[in-house]
Amino acid sequence: ERATMDEEYDAIVLGTGLKECVVSGLLSVAGMKVLHMDRNSYYGGESASLSLEQLWNKFCPGDEVPKSLGRPNDYNVDLVPKFIMADGKLIKVLIHTDVVKYLEFKACDGSYVYKQGKIHKVPASDMEALKSPLMSFFEKRRARSFFIYVQDYDEADPRTFKGRDLTRMSMRQLFGEFSL
């Protein structure tokens, strides 16, 4: 026998990705009765961090997790890389709506990608860019120049802007300036 949900709600939010959680939280804080549901057995939608077992069930349903990969709970895999800068409007919304209860904030030691059978660290400094096997010689130089620009940038010192107004340009435009 199936359970029925005969209660009334002001809003129904489908999915538990970050956007859906923010919408649900804002509606709830505004006093609305919200039903928040997800079709998956895990929270986070397409931006979830899954245990090895959850990841295997999502992409290789019915197959066993190879023992050579270690214990299923030794690590989590992000379905998509995600970073939230620790200051700004989004953080204020997350705090206001209590979505932060469902998030874990950590300092990021590094980001990695899987390419051609190997795991590589994504460069995060000028020196890492020069050593990275992920880029060609010319890409390494452009990435190094970008990292040096970012490291030297000082909001209080217009000399570090190097002719760029970061308040008026998108990241796409800034990456384009360095041919990245």
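Me: What do β5 and β6 form together, and how many residues are between them?
Reply: They form a hairpin with 2 residues between them, and Q116 in that turn has a positive phi of about 50 degrees. A quick note before going on: this is a predicted model, in which local features need pLDDT of at least 70 and side-chain atom pairs count only at pLDDT 80 or more, while totals for chains, interfaces and linings use all residues. Residues are numbered from 1 along each chain as its sequence is written, and side-chain values use heavy atoms, with hydrogens and water left out.

Me: Why are β5 and β6 said to pair?
Reply: Strands pair if DSSP finds at least two bridges between them. β5 (residues 112–115) and β6 (residues 118–121) have 4 bridges, in the antiparallel sense, so they meet that rule. The names come from DSSP runs, numbered from the N terminus: strands are E runs of at least two residues, helices are H or I runs of at least four.

Me: Is I119 buried or exposed, and how do you know?
Reply: Buried means under 20% relative accessible area, exposed means over 50%, and partly exposed is in between (1.4 Å probe, protein chains only). I119 has 64%, so I119 is exposed. This residue lies in strand β6 and touches Y112, V113 and Y114, leaving out residues up to four places away in sequence. Touching, or contact, means heavy atoms within 4.5 Å.

Me: What about T97, buried or exposed?
Reply: T97 comes out at 7%, which is under the 20% limit, so T97 is buried. You'll find T97 in the loop between α3 (89–96) and β5. Apart from its neighbours within four places in sequence, T97 is in contact with V22, G25, L26 and V29.

Me: Which residues of α5 are buried, and what do they pack against?
Reply: K140, A143, F146, F147 and Y149 are buried. The buried residues of α5 pack against α4 (126–131) and α6 (171–177).

Me: What makes a set of residues a nonpolar core, and which residues make up the largest one?
Reply: A nonpolar core is a set of buried Ala, Val, Leu, Ile, Met, Phe, Trp, Tyr and Cys residues joined through side-chain atoms within 4.5 Å. The largest has 10 residues: A129, L134, M135, A143, F146, F147, Y149, M169, L174 and F178. Its largest share, 4 residues, comes from α5. There's also a second, separate core of 5 residues, including C21, I91, L94 and V99. In soluble globular proteins, nonpolar side chains tend to be buried together.

Me: Why is the link between R164 and E177 called a salt bridge?
Reply: The term needs a side-chain nitrogen of Lys or Arg within 4 Å of a carboxyl oxygen of Asp or Glu. In R164 and E177 the closest N and O atoms are 3.0 Å apart, so the pair qualifies. R164 is in the loop between α5 and α6 and E177 in helix α6, so the pair ties together parts 13 residues apart in sequence. R164 is buried, at 15%, and E177 is partly exposed, at 45%.

Me: How many salt bridges are there by this rule?
Reply: The count is 6. Among them, K121 and E128 meet at 3.1 Å, N to O, and D157 and R159 at 3.0 Å. D157 is buried, at 17%, whereas R159 is exposed, at 70%.

Me: What is the phi of K162, and where is K162 found?
Reply: K162 has a positive phi of about 55 degrees although it isn't a glycine. K162 is in the loop between α5 and α6 and, at 55%, counts as exposed. Most residues other than glycine have a negative phi.
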